[in-house]
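Here is a quick tour of the model on screen. Have the viewer open and follow along from the overall fold down to single side chains.

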Amino acid sequence: MSFDKEWSAARATATANVSMRLNQAPADPGGGGGGGGGDLELNQDHIGAIGSDAYKLHTRLQTDGKHAATATSEAAGALTREGFASGAALLKAHGLWESQVKTLLAACATISNGLNYSLSSHAKDEQQLHADFTASAIDKYLK
């Protein structure tokens, strides 16, 4: 069997398995918020803590992720000057490391910023709902 045929068969099997699992999901899986009512619960303390941890990781990773950059570059240069092929390989590994650190930094920033936005947006929505409710209650008494 060729790779393409084998890959297509594996992909079809995986898709069928996912479809079966989705179709057989229990009506009330539990595990969600309190009571399994299906309502989204937003615990601001937990969301804030996760956002804070993502920010701390981002901050530490900015420095710690580049900790060995200078030494690695110097070692790669020295190996290359001495005619070792491992110098180029080390430089390539260093480039890949930097790329992965940048990707992780971007992910941490996205998580932190997204959660901060969610908290801020939720707080504004709550204020608006409170204002709307208060205004409707005042209207009711003024009529």
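## Ground rules

Let's settle burial before anything else: a residue is buried under 20% relative accessible area, exposed over 50%, and partly exposed in between, using a 1.4 Å probe and protein chains only. This is a predicted model, where local features need pLDDT of at least 70 and side-chain atom pairs count only at pLDDT 80 or more, while totals for chains, interfaces and linings use all residues. Residues are numbered from 1 along each chain as its sequence is written, and side-chain values use heavy atoms, with hydrogens and water left out.

## The overall picture

Helices (H or I, at least four residues) and strands (E, at least two) are taken as DSSP runs and numbered from the N terminus. The chain has four helices and zero strands, so the order from the N terminus reads simply α-α-α-α.

Of the 143 residues, 12% count as buried. The accessible surface comes to about 11,500 Å², and carbon and sulfur atoms own 60% of that; the areas come from the Shrake-Rupley method with a 1.4 Å probe, and for residues only the protein chains shown count as cover. As for contacts (heavy atoms within 4.5 Å), 63% of those in the chain with a separation of 6 or more join residues 24 or more positions apart.

## Helix 2, side by side

Helix 2 has 21 residues and spans 29 Å from first C-alpha to last, close to the 30 Å expected at 1.5 Å a residue. That expected span is 1.5 Å times one less than the number of residues.

Which residues of helix 2 are buried? They are Ile47, Gly51, Ala54, His58 and Leu61. These cover an arc of only 90 degrees around the axis, which puts them on the same side of helix 2; the arc is that of the directions from the helix axis to the C-beta atoms. On the face turned away from that buried side sit the exposed residues Asp45, His46, Lys56, Arg60 and Thr63.

His58, with a relative accessible area of 18%, is buried. Leaving aside neighbours within four places in sequence, His58 is in contact with Leu105, Cys108 and Ala109. Asp53, also a helix 2 residue, is partly exposed at 47%. The C-alpha atoms of Asp53 and Ser112 are 8.0 Å apart, although 59 residues separate the two in sequence.

Another histidine to look at is His94 in helix 4 (residues 86-142). His94 is buried at 11% relative accessibility and touches Ala69, Thr72 and Ser73, not counting residues up to four places away in sequence.

## The salt bridge

Side chains of opposite charge can pair when their charged atoms come close. The rule here asks for a side-chain nitrogen of Lys or Arg within 4 Å of a carboxyl oxygen of Asp or Glu, and the count comes to one salt bridge. Asp64 pairs with Arg60, their closest N and O atoms being 2.8 Å apart.

Arg60 is exposed at 56% relative accessible area, while Asp64 is partly exposed at 41%.
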